[in-house]
Amino acid sequence: KSKRTFSEKFGLGFGTGFWITPNTTYIEIAPTVAYRFPKRLITGIGYRYIYQHDRIRNNDLHSYGPNVFARLNLLKSVYFWTEYEYLNNQYFNEEYLTDSYTRETESTNSWFVGLGFQRSVGKKGRGGVSFQVLYNILHDQDDYSPYYSAWTYRIGYFF
């Protein structure tokens, strides 16, 4: 029988993101639930929502969907991260002969890999802030992905 408490086994997280491109502003929120294995491995599920404001059209788009992730602690503060994500993405489909456009929805798969750094806080060190640098292996410039680049930077909070 395991002697670990519920809070030692499970954790809640909340990631945020914000980035700006020449034409678009993005805001991201991503709650997660994780299971902590006894040694160095953490796995979990989450949900990501990305709000996009297109400044050229002065209109909004939304992307949302589930993800699964795994984290392997390499050092006390450094970890390896991998995550698979399936998003439903809205995008604008331009009508070439007119100045009009339609809003369309397309699915996008992403597979992120990279490293993270965490700073624990609290008496038992289970909560804190994390910073990640991730590369999306499945990123395609012609895809309808909400991600501007294959590289993604994140800040997360965990409890």
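Colleague: In which strand does arginine 154 lie?
Modeller: This is a predicted model, in which local features need pLDDT of at least 70 and side-chain atom pairs count only at pLDDT 80 or more, while totals for chains, interfaces and linings use all residues. Residues are numbered from 1 along each chain as its sequence is written, and side-chain values use heavy atoms, with hydrogens and water left out. Taking a strand as a DSSP run of at least two residues, numbered from the N terminus, arginine 154 belongs to the run of residues 151–158, which is strand E8.

Colleague: Is arginine 154 buried or exposed?
Modeller: The relative accessibility of arginine 154 is 10%. Buried means under 20% relative accessible area and exposed over 50%, with partly exposed in between (1.4 Å probe, protein chains only), so arginine 154 counts as buried.

Colleague: With which residue does arginine 154 form a salt bridge?
Modeller: A salt bridge here is a side-chain nitrogen of Lys or Arg within 4 Å of a carboxyl oxygen of Asp or Glu. For arginine 154 the closest N and O atoms are 2.6 Å apart, and the partner is glutamate 83. This pair links distant parts of the chain, 71 residues apart, joining arginine 154 in strand E8 to strand E5, the strand of glutamate 83.

Colleague: How many residues apart in sequence are the parts tied together by glutamate 85 and arginine 48?
Modeller: The side chains of glutamate 85 and arginine 48 meet in a salt bridge, at 2.3 Å from N to O. Because glutamate 85 lies in strand E5 and arginine 48 in strand E3, the separation of the parts they tie together is 37 residues.

Methods
Helices (H or I, at least four residues) and strands (E, at least two) are DSSP runs, numbered from the N terminus.
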